[in-house]
Amino acid sequence: MPEEDLVDIKFRLYDGSDIGPFRYSSASTVDMLKQRIVTDWPKGKTITPKTVNEVKLISSGKILDNNKTVNQCKNPFGDVAGGVIIMHVVVQPSLAKTKTEKKVDDSPRKIVCSCSIL
């Protein structure tokens, strides 16, 4: 594979720490990058993605689509020869999980009124 087809990418996490940089083919898909993030996620973080569906990648202010390639996501104005591309990682736990974690107290409540009638 020619050297110009390889791109160095570093993933910036919510707490400012990084995963990488790793070298990828410009034909690699965003989904492949997300799989690497889930696999290499640092131990001990308070938020941890369970699947690639919980990971959003942001580059140049845009959320990247899973089927796009690294080459399609590169910002032409920010390319520096030999530079590392930084992509921001956002973890969004699945909706089903967050609904079950938030327990709503639906029990009937007794309303006490201390009203005085003159």
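Visitor: Which residues of the largest nonpolar core touch the most other members?
Guide: The largest nonpolar core has 20 residues, and those touching the most other members are Ile 9, Phe 11, Leu 33, Ile 37, Leu 57, Met 87 and Val 89. A nonpolar core here is a set of buried Ala, Val, Leu, Ile, Met, Phe, Trp, Tyr and Cys residues joined through side-chain atoms within 4.5 Å. Buried means under 20% relative accessible area, exposed means over 50%, and partly exposed is in between (1.4 Å probe, protein chains only).

Visitor: Which elements give two or more residues to this core?
Guide: They are β1, β2, α1, β3, α2 (70-73) and β5. The most come from β5, which gives four residues. Helices (H or I, at least four residues) and strands (E, at least two) are DSSP runs, numbered from the N terminus.

Visitor: What is Val 89 in contact with, beyond its sequence neighbours?
Guide: Leaving out neighbours within four places in sequence, Val 89 contacts Phe 11, Arg 12, Leu 13, Tyr 14, Ile 37, Trp 41, Val 55, Lys 56 and Leu 57. Contact means heavy atoms within 4.5 Å.

Visitor: Experimental or predicted, and what are the ground rules?
Guide: This is a predicted model: local features need pLDDT of at least 70, side-chain atom pairs count only at pLDDT 80 or more, and totals for chains, interfaces and linings use all residues. Residues are numbered from 1 along each chain as its sequence is written, and side-chain values use heavy atoms, with hydrogens and water left out.

Visitor: OK, the sheet. What is the strand order?
Guide: The five strands of this open sheet come in the order β2-β1-β5-β3-β4, with mixed pairing. Two strands pair if DSSP finds at least two bridges between them. The edge strands, each pairing on one side only, are β2 (18-25) and β4 (62-63).

Visitor: How many bridges join β1 to β2?
Guide: Six, and the two strands run antiparallel. One of the bridge pairs is Phe 11 with Ile 19 in β2. β1 and β2 make a hairpin with five residues between them, and Gly 16 in the turn has a positive phi of about 90°.

Visitor: Where does α1 lie?
Guide: Helix α1 (residues 30-39) lies across β1 (6-12), β2, β3 and β5 (84-91), at about 120° to β3. Axes are lines fitted to C-alpha atoms, for helices over the stretch in contact, and angles run from 0 to 180 degrees between N-to-C directions.

Visitor: Which α1 residues are buried?
Guide: Val 30, Leu 33, Lys 34 and Ile 37 are buried. They are on the same side of α1, because they cover an arc of only 100° around the axis. The arc is that of the directions from the helix axis to the C-beta atoms. The buried residues of α1 pack against β1, β2, β3, α2 and β5.

Visitor: Why does Ser 60 count as partly exposed?
Guide: Because its relative accessible area is 49%.
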